[in-house]
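Me: I've got a structure open and want to go through it piece by piece. Could you take my questions as they come, with the cut-offs spelled out?

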Amino acid sequence: MSAPAKRSVTITLDGSNRSTSLPLLSGSVGPDVFDIRKLYGDLGVFTYDPGYGATASCDSKITYIDGDEGILLYRGYPIEQLAEKSNFLEVCYLLLNGELPNAAEAAEFHDGVMRHTMLHEQLRTFYNGFRRDAHPMAVMCGVVGALSAFYHDSLDIHDVESRRISAFRLVAKLPTIAAWAHKYAVGQPFVYPRNDLTYAENFLYMFHAVPAEEYKVNPILSKAMDLIMILHADHEQNASTSTVRLAGSTGANPFACIAAGIASLWGPAHGGANEAVLKMLAEIGSVDNIKEFLADVKDKDNHTKLMGFGHRVYKNYDPRAKIIQKACHDVLEELGIKGDPLLDLAMELEKIALSDPYFIERKLYPNVDFYSGIILKAMGFPTSMFTALFAVSRTVGWVSQWKEMMEDPQQRIGRPRQIYTGAPQRDYVPPARRG
Ligand code: CMC
């Protein structure tokens with residue numbers, strides 16, 4: 001809960017003698033917020049904020065972003081330090097529980113998650129209902145939603161133990177679901193999880209291995225996968241997380257809520273941007289075409305966006321983009337990929353955009369998706385899988401936010417209001433009398 005208000009703001013409705021005093025709440029860091037909950041009761045007016053750019057929808061202790069400074073903290077720890085020193089499962093523990101685990105807690109958590117990596121065998125048949133050319137995100141929405149039909153024993157959202165098991169199940173099963181979505185698309189047999197591997201290794205194994213050959217996980221790839229997962233693990237109240245919270249606020253079960261989050265992530269303005277960046281780079285094709293492409297981006301009638309650029313909160317470099325750009329160079333070098341034309345094109349595009357007044361004036365910088373697609377492509381993932389990988393990594397963030405909401409005594413159903421601009425009340429007109 002935010003600190004009790006020491007200051008307030010008084011609002012007087014013009015032309016009336018009605019006024020109200022609204023408390024000013026402070027978090028541990030970041031700007032203060034006005035608590036507007038009694039505004040309607042006192043003044044009979046609502047606030048208007050399409051896109052929620054100026055609205056705090058909840059209290060949260062999980063993730064903090066300072067968009068002007070380009071800072072991202074998970075439970076207070078800078079993303080740069082976690083990316084360099086931690087590992088994904090440790091970050092999962094941190095996000096879910098609030099503190100870094102000691103050795104015994106880490107081992108217990110690892111076992112707890114890895115024990116849940118298999119899917120109910122009947123879920124295999126569920127995949128057969130999809131067309132082979134279905135987008136992996138369509139399969140993810142369906143299969144994750146279907147988990148609630150298979151794990152009835154953990155659906156009591158008011159029971160702490162049920163919530164804990166659901167959290168384990170979701171974090172553990174998402175890699176299996178995503179890897180199987182790929183296997184189904186390419187017509188290869190599903191590969192069962194191996195709990196002796198790390199979380200990232202196990203995912204790469206299920207994704208790339210085939211029963212006909214021995215598969216050894218490349219340590220360069222598993223390190224990069226782990227890093228990518230850490231960078232995508234949570235990002236406070238973005239569209240998909242807010243979707244999860246809104247769905248969860250109705251009392252819907254966690255599997256349904258995470259399926260809703262996956263649907264929200266899919267859009268190109270959000271998690272779908274990593275796939276869109278690669279399509280954009282392919283369309284631009286060569287450094288010579290950048291100028292023409294950027295002219296289209298700046299043309300208001302064209303509706304072309306520079307994908308992987310801009311962010312609602314970051315008005316400075318997205319710190320995740322910096323880390324992933326470096327990782328991109330390292331991975332390509334370690335994999336012996338010299339002078340990747342896509343990376344060269346992306347870097348030139350970034351350089352030109354960052355010196356262009358259009359992007360400077362609007363404070364548009366590269367976000368995490370600008371480089372993530374290039375590294376994922378180099379790691380052997382098909383473009384259509386990029387957003388599904390984002391969903392795998394973000395699941396722990398969604399679950400942490402859902403769990404925090406369920407533990408919040410102030411939790412109420414999410415229910416925004418509107419300015420109604422439609423017809424006022426009128427009488428039904430029979431068909432014969434309609435013009
Ligand atoms: N290319 C060109 N112009 C842009 C872009 C862009 N990528 N992003 C914003 N603008 C312009 C926008 O047209 C507006 O211009 P004007 O003031 O002249 O109307 C101005 O910059 C402010 O943008 P906005 O639309 O108010 O920004 P927003 O906060 O509503 O949107 C965004 C944020 C991320 C949806 C948007 O920047 C965008 O669509 N970016 C491309 C998609 C993308 O990379 N998304 C990934 C986001 S990070 C990972 C994640 O969250 O999943």
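Me: How many bridges join strand β5 (residues 71-74) to β6?
Reply: A strand here is a DSSP run of E with at least two residues, numbered from the N terminus, and two strands pair if DSSP finds at least two bridges between them. β5 and β6 run antiparallel, and the number of bridges joining them is two.

Me: What kind of model is this?
Reply: Residues are numbered from 1 along each chain as its sequence is written, and side-chain values use heavy atoms, leaving out hydrogens and water. Local features need pLDDT of at least 70, side-chain atom pairs count only at pLDDT 80 or more, and totals for chains, interfaces and linings use all residues; the model is predicted.

Me: Which residue has a positive phi in the turn between β4 and β5?
Reply: β4 and β5 form a hairpin with four residues between them. The phi in question is about 70 degrees, and the residue is G70.

Me: And in the hairpin of β2 and β3, which residue takes a positive phi?
Reply: β2 (residues 19-26) and β3 (residues 33-34) pair in the antiparallel sense over two bridges, and L24 stands opposite F34 in β3. The hairpin has six residues between the strands, and the positive phi, near 100 degrees, belongs to G30.

Me: How many residues surround the ligand?
Reply: To be near, a residue needs a heavy atom within 4 Å. By class, the shell has ten nonpolar, six polar and five charged residues. H270, K300, L306, G308 and R312 are the closest, and the total is 21.

Me: Which element gives the most to the lining of the largest cavity?
Reply: On a 1 Å grid over the protein atoms alone, a cavity is a set of points where a 1.4 Å probe fits but cannot get out, and lining residues have an atom within 4 Å of a point. The largest cavity holds about 40 Å³ of space, and its lining includes R131, H135 and Y184. Two or more residues each come from α6 (136-146) and α7 (160-186); the top contributor, with three residues, is α7.

Me: What is the volume of the second largest pocket?
Reply: A pocket is an open set with protein on both sides within 12 Å along at least five of seven lines. This one is lined by 30 residues, with A83, S86, K223, D226 and L227 nearest its centre, and they divide into 16 nonpolar, five polar and nine charged. Its volume is about 660 Å³.

How values were computed
Nonpolar A, V, L, I, M, F, W, Y, C, P; charged D, E, K, R; others polar. Points joined across faces, edges and corners; volume = space filled by probe spheres on them.
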